[in-house]
Amino acid sequence: MAKDIRMPKLGQTMEEGTVVTCLVKIGDAVKKGDILFEVETDKATMEVDSPAEGFVKAIIAEVGQTLPVHAPILVLGDKDEVVPQSFIDSLLGGAAAAASTAPVAAPTPAPVQPATQPVAASAPTVSGSAVSLAGVKVLRLQKLGQTMEEGTVVNVLIKTGDSIKKGDVIFEIETDKATMEMDSPNDGVVRAILVESGQTLPVHSPMVILTDKADTPLPQSAIDAIRSSGAVAEAPKATATTPVPVPATPAPAPQVKAAESVPLTTGKVFATPRAKMVAQDLGIDIRRVPLAPGAARLTEADIRKAGQQPTTATVPPQPTLSLGQKVTINRLQRIVGEKMLQSKREIPCFYLNIRADMTELVKLREKLNKNASVKISFNDFIIKAVAMGLRHYPIMTGQLAGDHIQLADSIDIGLAISTPQGLVAPIVRDAFNKSLVEIATYCQGLIDRARSEKLTLDDLSGGCITVSNLGGFGIDSFIPIVVPGQCSILGIGRISDTCVPMDGNILIRKLMNLNLSVDHKVANGADAAQFLDFVKKTLEHAGNFA
Amino acid sequence: MSFKIEDMRKKAVPKIGALIKKGALTADQVKDWLRTMWEIRYFEDRVYDLLGQNIIKGASHLYAGQEAVAVGSIAAIEIGDVIGSTHRGHGHCGAIGNKYAQDEKARQDHWNRMMAELMGKQTGYCNGRGGSMHIADVKNGCLGSTGIVGGNIPTAVGAALAEKHKKTGKVVLSFFGDGSTNTGSFHESMNMASVMKVPMIAIVENNLYGMSVPFYGRSIESAGCAANIENIAERAAAYGIPAKIVDGMDVISVYLAVKEAVEFAREKCQMSMVETKCYRWYGHSRSDAREYRSKEEEKMWKERDPITVLSRKLKEEELATDEELEAIRVQALKTIDTATDFATNSPWPDPKDLAKDVYVEESYPAEVVAKDKEYSSKAMKATETFEKLMKTLEGKTKKEISEKARAAIKADFGMDVIAIKDALIAAQAEEMRRDPNVIIEGEDVGIYGGAYSATKGLLAEFGKDRVIDTAISEAAITGCAVGAAIRGIRPIAEIMYVDFITISMDQLMHNGAFNRYMFGGHAKVPMVLRTEGGVGRCIAAHHSKSLEPWLVNVPGLYVVMPSTPYDAKGLLKAAIRSDNPVVYIEHKATYGQMGALPLDEYIIPLGFADIKRPGKDVTIVSYSRQIMFCLAAAKELADKHGIDCEVIDLRTLKPMDAKTVAESVRKTGRLMTVCESFCMAGMGPEIVRRVIEYPFENGRTGFDYLDAAPVNLAAADVPPPMSEPLENASIPTPDKIVAAVQKLVRK
């Protein structure tokens, strides 16, 4: 009886793992406890051992591939059993549905997985980056480092027609960190190279099409389909009848969202001279202009499109107030007042306080920002930490809805921004699935839009929590008011040098107050405390962001 | 055989006194020759010294020892006659300058300018552009001097043809050395001059060595040798040319022999050769150690120094005293001293004038430019209508349909519809009627009417003196056109295939294109070299290339390549009228291509591109037949793919109308070039370079306006293959253009 082995949760914070080595091959007999894979998590490289006995029937996970927890990685079966393709297909296509019913390998707390929310929506489901079916394999850009989001092809070391072996170096890739070699995870004959030197592409973008034999049929339409399958949309599912991996379903929501937002652009931005000139004329920062899918460089059209949403902030002069003056309430302030009143009336709050040691994070931030084109603020780290916390404690996303508590569909976090017109708290959508740099880029855009009054309704609606930071004003600690419709609000104070007893010494550490106001209708003290402690700990371990 | 070789060394040389008595000479004349010989000698000695001091730089091939040849020969011609000089040309230039000098001041000025040119000064004959090897006063009967051995002979043939055509009665002396008589230029020229019957005298300065190799025989055992005949005069015999051999160390002998030859040329309008046996005192150049000739040989020749020979004669015949002879020597030395001072104190040329005089500056009245724009778009519309009518009209034969369609175009547009070949014939005929100095020469241009019928019928109208069939001698055909153009007529030379231009290239570049600049802007070369190129007839690698990149690489040339009958006619007429050398390249596959053109007279200004199809998405730059391919592709791209191409026809490749191209790219942001020539260092990359560098009024350059990497479509880097499928595969075709544009626009 065929049995699927899934990516185990190898640590409390593990969300996904990157396959480093595969230690078995098809046909191998494995016993319970035999090591199948080495997997790199956010913490360490760990071994995945077999939870059962059997014969390896199919290896779904490929070396270099990053897979979410519970994603299928291997199929075991009886000695002579023939595992039908449909079984593997159902694993790949229905990975999400399967995940919810899969045995939960991790200890408590189990993530809450509403049946309507496929796993794919919150974690990228990655299927075979080189699916060996019908003799066609697609090699995709491997994640060559934890923070790598994209890579620039420096050198193409193969050419069409080359016969390559697993382990052959096929590209030199420049990442945000270094220039690295990418080697082939498979043997095969190079049939098409989909990238060229100088091209920057997101991780998992298709790069090379291999076939088993030089004469394996490979129609141009198939190459085109692979080429247009684009980056992370991946999950290219190959079946026996369709030899070419074609995305079975539309790209998962997070990726679509990511594309809508401003994608990170670090390092050199490739743009045509005309694009640069138009950007200069329109005052647009080309680093904030998204690249069209599959394009090698920004063109004039990209810039003009971006120019329709100006990013430059125009700050009208601050009106000076004098005593005795009647100050007119603008629309925004009226709304803020009404909401806050509503909150005080309808939301029974309790308040938690905790202090986070930000010493490591301050250093990390300095390091990251040194040469980066996108500067990361403390708020960005906090938003990321809060997003991770909400992912672990989904109850903190809830809202009382009559007889039940409705948890949010995605982790959307508000950021309180003071503008000349008043206070706004636009939403960072799907913050959990955004990288730090993406959050930073997105927040900068939000701030720019807020200050230039260009926020849309969509920017302002929803959210599970708001982050409000008055540290910049020198505030040590304050208690914020929950925004109606959200479960809690986190008030952030300034980071101050503080004497801290540690290991028998008194050290000067950089501490920061976090105050959480929570809707007691939704969450109790224990939930909220664990959540806040998680956020604190996440902030304290800079490695979580490296 | 119809020739004779006369060895005048075997006859006694007449006494000077006897010649004076006969009235053939005056004593003053002969003393002036002596003075000129001394001036040349002192000039060369001084140059030798100044080279050693590094005051004169560059090459210097010294004339010392051969003075009697230049002085005796040039004494034998008249003011208005023409000479062609060589890399060892100081003597020719010195002697003819003295001939034109009316007084002592003019004479001193002449030597001043010679020395200044050697030093590379602004006051030199060529403003420092030519130097030793190209020293010439082209205003005073000199065709110039070349650095390519034998390269000056074809131009002398052309000059003689021009004098004959203009019926001036003038003759051309072509000086060249023994070394050049082993080059193709020599043989082609001797044959052509002999056949054309032109008033030319070949003066062979047989100084026995071509650099180090003896022409015939040897005085050093290990030396090689260049020929197996002793007398070059025998080679003249092979071309039916009468020849004399004279003692080149005796100015009287040279004078008398050349005098006879000049008279023969003037009377019979025919060429002859005078071979002078002479010797150079110095080596080939200053660095030459002269190991290839014995000291005994040098001593023997130096005893017969032409200055000594003449001085002795004057004294023996009591025509001059020692004092008089000494005074002549001293005066000559003083002239060269003064010239040296003058040159030393002269200013250098200003580098800001570096590019001055590469071309004769030409401009066109605004109305000519405007008229072309109007006619051009009208012709495009008329041609399109004609093509539609050809498909829709009915008739018994194609000819009948064509006649109907032509009549309709005439009625609707006031334009005729003709083939490119007929447009070319019309252009030449009109210009030949307008200007009697326009002549045509080339292979098969006469009865045959040109290999592609582009001169058909012209022989009948203009006669064989103006439509001249030549031997298969590409170098001589080209050089002849250069020489004729320098001497004031407007030759059209036809080279049957552009591939054969490889043989013409020395003449076309070194003489045709460079003469104006090298000679300080004093010459102009209003010639047209018509040829054709491209694939399309399966005639393989020696008859199918597109070599325009070679030609645009030559400063001083214009390069024109038409794509339609309208352009073909208007551009050819403008090319004929241009004072610059124009290479006009047709496409072998387009001679039958029909198109509309105005009924009235027009020219198309050179250097102006034509927007054959306006568009907004991508700029396609091309020329010649590929324009038709681009237009076909543009139509398909517009009809099927919604891509709007702007197709620009350069028409004139050099000078290139970068402005029109850059302005278009400014609009579209995308550039594609389509050429039938090879890509490497070719037209496409050059167009891209010009666009990238093009400076706009706002401080931007063309580079700033590019929204995609430019694409160059060109011939595959293979010798054009014969087989039709391969031939088609080797060049851009409409399908390839369509695909490339789609890719470019998608990027």
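**Exercise 1.** Is A:Lys536 buried or exposed, judged by its relative accessibility?

*Solution.* A:Lys536 has 17% relative accessibility and so counts as buried. The classes are as follows: buried means under 20% relative accessible area, exposed over 50%, and partly exposed in between (1.4 Å probe, protein chains only). The model is a predicted one, in which local features need pLDDT of at least 70 and side-chain atom pairs count only at pLDDT 80 or more, while totals for chains, interfaces and linings use all residues. Residues are numbered from 1 along each chain as its sequence is written, chains are lettered from A and ligands numbered from 1 in the order in which they are written, and side-chain values use heavy atoms, with hydrogens and water left out.

**Exercise 2.** Identify the salt-bridge partner of A:Lys536 and explain how the two residues are placed along the helix.

*Solution.* Step 1: the criterion is a side-chain nitrogen of Lys or Arg within 4 Å of a carboxyl oxygen of Asp or Glu. Step 2: A:Lys536 meets it with A:Glu540, where the closest N and O atoms are 3.2 Å apart. Step 3: both residues belong to helix α12 (residues 525-540) of chain A, and because they are 4 residues apart there, about one helical turn separates them. Helices (H or I, at least four residues) and strands (E, at least two) are DSSP runs, numbered from the N terminus. Step 4: A:Glu540 is buried, with a relative accessible area of 16%.

**Exercise 3.** Determine which parts of chain B are linked by the salt bridge of B:Arg266 and B:Glu78.

*Solution.* Step 1: the side chains of B:Arg266 and B:Glu78 form a salt bridge at 3.8 Å, N to O. Step 2: this pair links distant parts of the chain, 188 residues apart, with B:Arg266 in helix α9 (residues 251-268) and B:Glu78 in the loop between α3 (67-75) and β2 (82-85). Step 3: B:Arg266 is partly exposed at 27% relative accessibility, and B:Glu78 is partly exposed at 41%.

**Exercise 4.** Describe the salt bridge of B:Arg434 and the network to which it belongs.

*Solution.* Step 1: B:Arg434 pairs with B:Glu431, the closest N and O atoms being 2.9 Å apart. Step 2: the two are 3 residues apart in helix α15 (residues 420-434) of chain B, which means that about one helical turn separates them. Step 3: B:Arg434 is partly exposed, with a relative accessible area of 45%, whereas B:Glu431 is buried at 0%. Step 4: a network of salt bridges links B:Glu430, B:Glu431, B:Arg434, B:Lys569, B:Lys573, B:Arg577 and B:Glu601. Over all chains the count of salt bridges comes to 78.

**Exercise 5.** Which residues form the positive patch on the surface, and which form a negative one?

*Solution.* Step 1: patches are made of residues with over 30% relative accessible area and no salt bridge, like charges being joined within 9 Å and nonpolar side chains (Val, Leu, Ile, Met, Phe, Trp, Tyr) within 5 Å. Step 2: B:Lys164, B:Lys167, B:Lys197 and B:Lys464 gather in a patch of positive charge. Among them, B:Lys197 lies in the loop between α7 (184-196) and β5 (200-206) and is partly exposed at 43%. Step 3: A:Asp168, A:Glu181, A:Asp183 and A:Asp187 form a negative surface patch. A:Glu181 is part of strand β13 (residues 179-183) of chain A and counts as exposed at 55%.

**Exercise 6.** How many helices and strands does chain A have?

*Solution.* Chain A has 12 helices and 28 strands. Of its 546 residues, 48% count as buried.

How values were computed:
Areas by Shrake-Rupley, 256 points an atom, 1.4 Å probe, with all protein chains shown as cover. Lys, Arg positive; Asp, Glu negative; His and termini not counted. Charge placed at Lys NZ, Arg CZ, Asp CG, Glu CD.
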